[in-house]
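This report walks through a few features of the structure shown here, beginning with a strand and ending with a single side chain.

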Amino acid sequence: MKIRIICVGKVKEAFYRNRIREYSALIQKRCPFEIIEVADERTAEHMSETEVRNVLKTEGERLLNYLKPDGEELVTALCIDGETHTTGEWIKGLESQMKQKDIRQFTFIIGGSLGLAEAVIRRADRKLSFSNLTFPHQLMRVMLTEQLAALAGKL
């Protein structure tokens with residue numbers, strides 16, 4: 001089994017990068033793992049709806065370029081309106097999917113500061129939310145790698 005995170009933008013803060021590196025090392029002890037970063041688009045403070053759509057479309061196309069044809073991987077989009085679970089429920093669900101569907105790759109997608117394009121959300125097999133709160137996308141990457149490290153520890 002392989003785990004991937006495909007995300008928009010780079011992590012700028014060293015303290016986030018260090019935590020991600022630590023959790024990534026834990027995951028890689030158990031299974032192949034990679035983080036793919038696609039370029040983010042410049043955003044202004046007061047953007048029109050058209051400008052927001054254009055940014056999301058461009059970033060979305062970059063994300064979609066890394067996805068395999070349907071059925072070859074389980075794609076999870078991190079969205080505020082996604083399913084919520086406890087860590088235990090989430091890990092049990094992923095373990096169950098690994099066994100039932102013979103999935104060889106799990107891919108998690110994190111959008112940029114404006115979120116994810118509708119095309120990316122439609123392509124995803126499921127949507128996951130860590131909370132009803134909104135978190136910075138860089139912090140979300142830390143949180144996701146921490147949860148994936150917990151999963152990898154159970155493999």
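## Strand pairing and surroundings

In strand β4, T107 is the bridge partner of R4. The model is a predicted one. Strands β1 and β4 (residues 105-110) run parallel and are joined by six bridges. β1 also pairs with strand β2 (residues 33-38), in the parallel sense and again over six bridges. Within β2, I36 is the bridge partner of I6.

Strand β1 covers residues 2-8, and six of its seven residues are buried, so the strand is largely enclosed by the rest of the structure. Together with helix α1 (residues 14-28) and β2, β1 makes a right-handed β-α-β unit.

The structure holds two aromatic pairs. F15 and Y16 form one that is tilted, with 4.5 Å from centre to centre and 55° between the planes.

| Residue | Relative accessible area | Class |
|---|---|---|
| F15 | 54% | exposed |
| Y16 | 17% | buried |
| Q138 | 9% | buried |

Y16 counts as buried because its relative accessibility, 17%, is under 20%. F15 is exposed because its value of 54% is over 50%.

Q138 lies in helix α5 (residues 137-152). Which residues does Q138 contact, leaving aside its neighbours within four places in sequence? They are K10, V11, K12, E13 and Y16. For K12, the side chain of Q138 reaches the backbone nitrogen at 3.3 Å.

Notes:
Residues are numbered from 1 along each chain as its sequence is written. This is a predicted model: local features need pLDDT of at least 70, side-chain atom pairs count only at pLDDT 80 or more; totals for chains, interfaces and linings use all residues. Side-chain values use heavy atoms; hydrogens and water are left out. Helices (H or I, at least four residues) and strands (E, at least two) are DSSP runs, numbered from the N terminus. Buried means under 20% relative accessible area, exposed over 50%, partly exposed in between (1.4 Å probe, protein chains only). A polar contact is a pair of N or O atoms within 3.5 Å; within protein, one must be able to donate a hydrogen and the other to accept it, and residues adjacent in sequence count only if both atoms are side-chain atoms. Contact means heavy atoms within 4.5 Å. Rings of Phe, Tyr and Trp (its six-membered ring) pair if their centres lie within 6.5 Å; planes under 30 degrees apart count as stacked, over 60 as edge-to-face and the rest as tilted. Two strands pair if DSSP finds at least two bridges between them. A crossover is right-handed if, with the strands pointing away from the viewer, the path from the first strand over the helix to the second runs clockwise.
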